[in-house]
Amino acid sequence: MADCVICRCEEVVLSDIVQALEDGYSTHREIKLKTRAGMGICQGRTCRPLLDQIITSISNEAMPKRVGLVQNVPIRPITLGDLAKGKVGDHES
Ligand code: FES
């Protein structure tokens, strides 16, 4: 059976998640740190619901006991010059 991509940003497949669970990593945070799933450019916006569902179903642990992955807003670096001029992103403030 072909492996299924769960986190496309970090190219993490289902077997990576299952292997991490079998190796004793049990919380969402542990799985994230072990596999890097959810640490890509979208910061888990795409894969987080899938990860939550997979981890909860395989570990047979109820969702309320777990702390889901935290979504972080992607940031983009700006130069100090742009900051001093009031340029933030594509807009001037
Ligand atoms: S799909 Fe997982 S971090 Fe983007």
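Start your tour by selecting Glu-11, which sits in the loop between β1 and β2. Helices (H or I, at least four residues) and strands (E, at least two) are DSSP runs, numbered from the N terminus. This is a predicted model, in which local features need pLDDT of at least 70 and side-chain atom pairs count only at pLDDT 80 or more, while totals for chains, interfaces and linings use all residues. Residues are numbered from 1 along each chain as its sequence is written, and side-chain values use heavy atoms, with hydrogens and water left out.

Is Glu-11 buried or exposed? Glu-11 counts as exposed, at 67% relative accessibility. Buried means under 20% relative accessible area, exposed over 50%, and partly exposed in between (1.4 Å probe, protein chains only).

Next, colour helix α2, residues 28-35. Its buried residues are His-28, Ile-31, Lys-32 and Thr-35. They cover an arc of only 100° around the axis, so they lie on the same side of α2; the arc is that of the directions from the helix axis to the C-beta atoms. An α-helix has 3.6 residues a turn, so residues three or four places apart point the same way. Show what covers these buried residues, and you will find β2 (12-13), α1 (14-22) and α3 (48-59) among the elements there.

Arg-36 has a positive phi near 75°, although it is not a glycine. Arg-36 is partly exposed, with a relative accessible area of 39%. Gln-43 is in the loop between α2 and α3, and its phi is also positive, about 55°. Gln-43 is buried, at 19% relative accessible area. Most residues other than glycine have a negative phi.

The largest nonpolar core has 12 residues in all, including Ile-6, Val-12, Ile-31 and Ile-54. β1 (5-7), α1 and α3 each give two or more residues to this core. Such a core is a set of buried Ala, Val, Leu, Ile, Met, Phe, Trp, Tyr and Cys residues joined through side-chain atoms within 4.5 Å. Centre on Ile-54: not counting residues up to four places away in sequence, Ile-54 touches Ile-6, Leu-14 and Ile-17, where contact means heavy atoms within 4.5 Å.

Finish at Ile-78, in the loop between α3 and α4 (80-85). Ile-78 is partly exposed, with a relative accessible area of 40%.
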